[in-house]
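Student: I have a structure to study and would like to go through it by question and answer. Can we start with the sheet?

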Amino acid sequence: MAEPLVKVEDLKQYFPIRNGLKVNWLKAVDGVSFEINASETLGLVGESGCGKTTVGRSMLRLYEPTGGKVTFDGTEITKSNIQQMRKEMQMVFQDPYSSLDPRMTVEDIIGEPLDVHHLYANKAERHEKVLDLMDQVGLKADHAARYAHEFSGGQRQRIGIARALAVNPGFIVCDEPVSALDVSIQAQVINMFEELQNKLGVAYLFIAHDLLVVRHISKRIAVMYLGRIVEVADADELCDEPQHPYSQSLLSAVPIPDPKIARERKRIVLEGDVPSPLHMPSGCPFRTRCRYATEKCALERPELTDRGGDHFVACWNK
Amino acid sequence: MSETILSVQNLHTTFTTNAGTVTAVNGVSFNLDKGEILGIVGESGSGKSVTAYSIMQILAENGRISEGKIFYKGEDLTTWDESRMRSFRGKCCSIIFQDPMTSLNPVYTAGSQIVEAIELHTDKRGDAAKKRALEMLDLVGINEPERRFKQYPFELSGGMRQRIMIAMALACEPDILIADEPTTALDVTIQAQILEEIQNLQKKMGMSVIMVTHDLGVIASLCDNIIVMYGGSICERGTADEIFYNPRHEYTKGLLRSIPSINNMKKKLVPIAGSPVNMLNLPAGCAFCTRCDEAMKICLTDKPEEIQINENHLASCWMNVKEGLTNG
């Protein structure tokens, strides 16, 4: 079995919440481990506030992680080598409106990573590389001199993707890259992600809340709840036979664009809201909303265990 | 025979902007029956929200209804003055907005905002109004209504705030509820709760609902009838089953092909080429013609008329004429 390209071990990200002299720790990510193989897509789903975006950002050290280890291709990522490592690991952000500098031309936005990593010999080569990247994401060459505000949401997301591809990375964190786009445009961008993967062999961590989109694009899916991964499995297996009670209710809540299926389906409606990560329940974080919760769930935290066929679940009762 | 409660006829809504006059809604007509859940689906800029705002007459200052009529129980709303419209809003027809974070007043408690609506539109005052507000909080599934009543919006989660909005909208038992993307800002689990709530309340109170959304999944699980809008016009309408299983407009077909669904999970998605139409510069013919794979000469020059596909289904696409369908 080949070594995974990206390995995340027990990643922790706590944020201090200061209240006068007292400091509370918000445990946004609390011990997350997973692996991603070369040219594979791992989907990461969960409700807002579950820490999925933070996982992506801590991996790239946009936040300094509180604990845990991230390795890329055998090299551990540390504070000192992150600049070089960002040549291998890039990010596409959620909001195509605020992630592009409004005062830079498209050519400079896409060319900036090339500048940072000294990836060209002269200006002509830079220009050529930028045009090549623009071509890959389906932008026209005469767009190079324009500014971000002149583009629609879908086109801006293409600019963001071209920027991420500029350094020829092996791995891209895609943080809700299509949620801000219209349905008809979403499909264009999703297809582009798939084509680029086939062509360049890049691996994705695809973070999104739209489960149908995630299932479509991912090979495996990880489900997060309150800073922890509760289930990881093959995309189809997880969607067809979810094991963890949270995954089950999450999947049953996904609106399916098919009236007949939608009418017959029974939703598992969860009681109440997600607890605040400042006052995490003891034991299993999901137990306060779980139908199967027992005493054990309040005392001990379940770890992810293999249920056969690379299907990992963190639950005492399933 | 079901009773028509709201009838929109040939509605045109225009906005005056620096770049010129934009016709955001371009000749929209539909009827809403008592107890019906009608879905209006479309992309951003298709005119679906403006249609809803036109019914309530809560358009921005540069917008106005330039043509058409809106009949509520036989009376034309477009002729009503502002004070009459105020009595219509909230009492006869309520609206829930997309963003529960910004639609509540941050300096009043959740309870007082519901009481305000009740005192404005019914003859309940003081304790009676408060009692009604607490009933409503309970009805929309809020735990500990007494405590939530006294809380400010910032103390409540997104799902809870949207429930407050619904409680406020339904407190005066309106005949019509307009829900403008009510769950777009919420997580799927909370979305499921809210949709279930709207469905239950609709059954309990027998009101009519207009559900405005871009999410085909939401529409499929909730609506009896669906209107598909593109570029300010209705391109197709029919029962949910007809729209999903027998789409007869190229835009609807494209929309259904471009979303991942259970049946085409591992197939490649087929996106609609190009980007949504620029409302300042609508084509002379069909609004969708610039993005349509099947576009013919006539599509570029002539606006297609609405053609009856069957008794539950109408579509405005020249393809149907080509296939030999005509009206009458």
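Student: In which order do the four strands of the open sheet in chain B stand?

Tutor: This is a predicted model, in which local features need pLDDT of at least 70 and side-chain atom pairs count only at pLDDT 80 or more, while totals for chains, interfaces and linings use all residues. Residues are numbered from 1 along each chain as its sequence is written, and chains are lettered from A and ligands numbered from 1 in the order in which they are written. Strands are DSSP runs of E, at least two residues, numbered from the N terminus, and two strands pair if DSSP finds at least two bridges between them. The pairing here is antiparallel, and the order in chain B is β2-β1-β4-β5.

Student: Which strands of chain B stand at the edges?

Tutor: An edge strand has a single partner strand, so one side of it is left without a neighbour in the sheet. In chain B these are β2 (20–33) and β5 (75–76).

Student: At what angle do helices α3 and α4 of chain B pack?

Tutor: Helices are DSSP runs of H or I with at least four residues. Axes are lines fitted to C-alpha atoms, for helices over the stretch in contact, and angles run from 0 to 180 degrees between N-to-C directions. For α3 (residues 110–121) and α4 (residues 126–139) of chain B the axes are 9 Å apart, and the angle is about 120°.

Student: Which residues of α4(B) meet α3(B)?

Tutor: Two residues are in contact if their C-beta atoms, placed from the backbone, lie within 7 Å. From α3(B) come B:Gly111, B:Ile114, B:Val115, B:Ile118 and B:Glu119. In α4(B) they meet B:Ala129, B:Lys130, B:Arg132, B:Ala133 and B:Met136.

Student: Which helix gives the largest share of the side of chain B that touches chain A?

Tutor: The contact takes 36 residues from chain B and 32 residues from chain A. On the chain B side, α7 (188–205), α8 (216–222), α9 (240–245) and α10 (250–258) each supply at least two residues. The largest share, six residues, comes from α7(B).

Student: How far apart are the centres of the two domains of chain A?

Tutor: Domain bounds come from an automatic or database domain assignment. Chain A is divided into domain 1 (6–88 + 170–313) and domain 2 (103–168). Taken over C-alpha atoms, their centres are separated by 30 Å.
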